[in-house]
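Student: Please take one part of this model and go through it closely. I would like to see how it is packed against its surroundings.

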Amino acid sequence: MTEKFTGALADFGAADLASAGGKGANLGELLRHGFPVPAGFLVTTAAYATLLAETGLGPELDRLLETENPGVRIRALFTEGQIPPRVSADIAAAYAALGGGPVAVRSSATAEDLPGAAFAGQQDTFLNIVGEQAVIRAVVECWASLWTDRAITYRRRQGIDPHQVAIAVVVQDMVPAETAGVMFSANPVTGERGEIVVDASPGLGEAVVSGRVTPDHYVLDSTGRTRSFTPGAHEVVIRAIAGGGTEESAGTGSRRNVLGEEQLAELAGLALRAQEHFGRPQDMEWAIAGGRLYVLQARPMTALPPQPMRLNPFQRFMGPFFVEMFQERPYPLDVSGWMQRGILAMLHGMAGSVGVIFPSVKELLPEEDGVVTRLVPPVPRPTVRTLGAPVSVARRARRFNPARWTQDSRFATFLENVRRLAGQDPQSLSWQGVVGLAEDAYATMRGITELRISYLPGAFLPQLKLRLMLMLLGKTRLAPALIAGAETRTSQANRALENLADRVRSHGELTRAFTELAPGELLSRLEHRPEFKEFHARFQAFLAEYGHRETVSVVMSSSPTWSDAPEVVLGLITSMMGERRPAADQTGQALTELRRHPALRITALRRHVLSAVDAAKAGMAFREDSHFYATMVLPPLRRALAELGRRLYEAGVLANPADVNHLRFEELAGMDDGGALPAAERERYRRLVLARAAKRRELDGIPLLDMAALFANGHRRPGGLVSGMPASRGQATGMVRIIRGPDEFGLLRSGEILVCPYTNPSWTPLFQRAAAVVVDAGGIASHAAIVAREYGIPAVMGTGSGTSVLLGGQLVHVDGTRGRVTVAVAEPSA
């Protein structure tokens with residue numbers, strides 16, 4: 001039976017991606033379901049494959065793909081080669097059957113118009129082509145356009161194997177458009193799903209999609225009524241000309257409305273129909289000719305922000321705590337593993353202990369195509385059991401004293417389980433053995449969950465008691481500073497880092513190495529230079545004690561720990577080498593002021609109040625230290641997950657072992673042996689990882705939560721640069737240093753104003769050198785605020801925009817008492 005290389009467009013649908021390409025499959029699907037798509041035919045991917053196989057072009061293509069910048073040479077192979085006669089005969093016959101008139105010839109690659117990878121403009125389109133030979137040449141040019149430098153680069157960024165891609169070609173009746181443009185079934189800028197956005201200009205739509213004109217811009221509601229209209233400039237008009245081809249002429253420049261109300265309503269209806277049919281918002285090209293509307297293309301919208309959220313007051317209150325934890329988009333393995341089975345399981349347990357239902361991971365972190373799209377600040381739901389919570393909380397507060405929590409036998413059991421996990425070598429285990437090791441790590445985390453359920457009431461009730469006492473004494477403002485002075489494992493780690501920095505300062509060669517070398521080279525010198533042997537031993541001892549600390553977020557197992565990224569710790573030491581700032585003892589000052597209160601001359605009351613201070617400090621220490629010990633589970637868990645990634649990489653499923661984070665834990669657990677999967681399963685998981693990676697890249701630059709929605713006061717106030725929540729009292733003037741992540745820790749210099757998007761305990765050593773701290777996220781009870789008060793430096797939290805408004809090197813004045821950052825008028829001084 002003779003193979004057919006062409007087929008009527010209506011014969012193809014969404015399931016025919018492999019033969020029709022993305023554009024062809026979508027257009028055929030629309031045509032089948034009654035959308036006004038111009039008639040046409042498809043030159044299938046079989047024609048392209050036959051060209052490669054029968055002309056010798058395939059082996060030469062493979063050879064060129066191994067060279068640098070092969071695009072020009074590959075395209076020459078196509079344009080200079082001969083098409084197999086039976087392929088060209090099929091194309092000629094299909095063109096004649098269509099009517100032999102003017103046509104549009106459009107590329108339709110198998111990797112385009114897909115969720116997460118639109119490939120917009122990466123392959124070529126040829127308009128108003130007339131004649132059999134001209135159509136065949138245009139088809140060849142479309143095949144060649146698969147190998148433009150921009151298309152090769154785009155596919156490389158999307159992680160698509162160039163040997164796996166193929167291309168079809170769509171040939172349709174040419175629409176001699178009087179007006180044309182694009183439309184989106186959701187607002188591509190705001191993410192609003194209730195709005196349709198239309199761009200329109202006279203002539204062919206090529207002027208709009210290529211950016212040659214400023215089009216009329218309409219924002220419509222779902223019925224097609226105009227919410228806003230911005231007239232375009234109509235700089236140029238592109239039209240089809242008799243005999244083939246197009247011509248460009250100067251536009252009228254008139255700022256008139258090119259679409260009427262009925263046309264806008266019809267466009268809106270088509271956009272919503274297409275969205276409903278494909279199940280996701282659509283990016284569409286359209287044209288109007290002879291009073292009739294045509295759909296020329298439809299593909300999933302990419303990089304679409306989530307639907308704007310309207311947060312209630314409770315979500316605004318809770319939001320800062322969660323934003324601190326979710327500064328980076330968690331991977332599927334983070335969400336399904338460490339978060340769902342570890343951190344969020346702990347939150348569910350703690351909420352459940354007072355009869356409250358904490359939202360599920362799907363409610364907290366909704367997904368699209370298997371990738372987290374946004375963070376929804378939780379709203380816990382009370383139940384009838386919540387009525388008994390006061391009794392339960394009071395009973396636990398009396399029974400479990402946070403000052404003695406490390407004496408609890410469950411803590412000893414937790415440490416023993418951690419030691420057992422750390423002693424196992426994942427490489428010596430079977431696939432299911434490694435999965436079991438990860439499951440054991442999740443189960444070990446339940447030890448901290450149980451301890452927190454028991455001891456947190458005894459941590460929070462003394463703080464409430466202390467605040468009530470201070471309110472009666474008229475000293476409420478002293479509460480944050482009084483509680484901040486607790487001794488914790490974090491403060492011990494910071495002192496240990498200070499000691500390492502002191503040793504660097506006292507050793508000339510070390511000082512030069514830390515000052516002059518990049519962290520990677522510095523680490524190598526420390527490991528191999530004999531004169532640095534003693535310091536390296538102390539550094540390794542530090543990592544053995546504190547190296548399980550997270551660098552980015554405690555909720556993400558994909559993020560390295562200090563031991564995994566020792567260069568982060570070296571950056572901290574570098575930042576601490578500068579002149580040590582004399583810290584204001586806010587806790588001591590607050591305690592002195594409290595003791596001077598006349599009411600505390602009464603011995604019994606004085607003892608009672610100071611005891612409440614100590615109890616509140618013990619509670620704060622429990623919160624910090626239980627966090628510290630929880631992260632001890634991360635190293636063995638990360639080793640287990642990395643081993644699964646290594647085996648999948650060696651089996652050809654993953655392009656990189658770290659890509660295991662694109663898989664869900666239940667997917668890994670469901671494999672009998674990831675290192676020996678059947679070929680079909682390997683390909684299925686390989687494609688799944690590529691799709692999720694593409695979706696993740698698509699969402700780059702879209703925040704998990706819009707800070708403007710969270711921090712109502714994040715805008716500039718008169719006379720100020722940014723404002724936020726007063727979190728640590730005092731004022732300081734200095735140069736702005738923006739630190740966006742752990743890899744930039746070493747850039748901070750003594751006396752600078754630390755401006756950052758978020759913080760966690762691993763950031764706090766920087767506070768020993770910063771003159772003040774300004775943070776986009778977080779609240780008064782965040783790690784940054786607490787440690788800033790310990791070190792006596794001003795802190796402004798929850799600015800929402802500090803890292804985007806303030807500039808590196810800018811001289812600013814930070815008022816931590818009022819929560820304001822203003823332009824400085826004095827020389828830097830703390």
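Tutor: What follows looks at one helix, H21, and its setting. The model is predicted, with local features needing pLDDT of at least 70 and side-chain atom pairs pLDDT 80 or more, while totals for chains, interfaces and linings use all residues. Residues are numbered from 1 along each chain as its sequence is written, and side-chain values use heavy atoms, without hydrogens or water.

Helix H21 (residues 566–575) is mostly covered, with nine of its 10 residues buried (under 20% relative accessible area, 1.4 Å probe, protein chains only). Helices here are DSSP runs of H or I, at least four residues, numbered from the N terminus. The buried residues of H21 are Pro566, Val568, Val569, Leu570, Gly571, Leu572, Ile573, Thr574 and Ser575. Their cover includes H17 (489–505), H18 (508–516), H19 (519–528) and H20.

Of these, H20 (residues 533–546) has an axis that comes within 12 Å of that of H21, crossing at roughly 110°. H20 is therefore roughly perpendicular to H21 (65 to 115 degrees). On the H20 side, Phe535, Phe539, Phe542 and Leu543 make the contact; on the H21 side, Pro566, Val569, Leu570 and Ile573 do (heavy atoms within 4.5 Å). By class, these residues are eight nonpolar, no polar and no charged.

Ile573 also belongs to the largest nonpolar core, of 123 residues, where Ile573, Phe514, Leu648 and Phe767 have the most contacts (a core joins buried Ala, Val, Leu, Ile, Met, Phe, Trp, Tyr and Cys through side-chain atoms within 4.5 Å). Helix H15 (residues 431–473) gives this core its largest share, 13 residues.

Technical notes. Axes are lines fitted to C-alpha atoms, for helices over the stretch in contact, and angles run from 0 to 180 degrees between N-to-C directions. Helices (H or I, at least four residues) and strands (E, at least two) are DSSP runs, numbered from the N terminus. Angles under 35 degrees count as roughly parallel, over 145 as roughly antiparallel, 65 to 115 as roughly perpendicular and the rest as oblique. Ala, Val, Leu, Ile, Met, Phe, Trp, Tyr, Cys and Pro count as nonpolar, Asp, Glu, Lys and Arg as charged, and the others, Gly among them, as polar. Buried means under 20% relative accessible area, exposed over 50%, partly exposed in between (1.4 Å probe, protein chains only).
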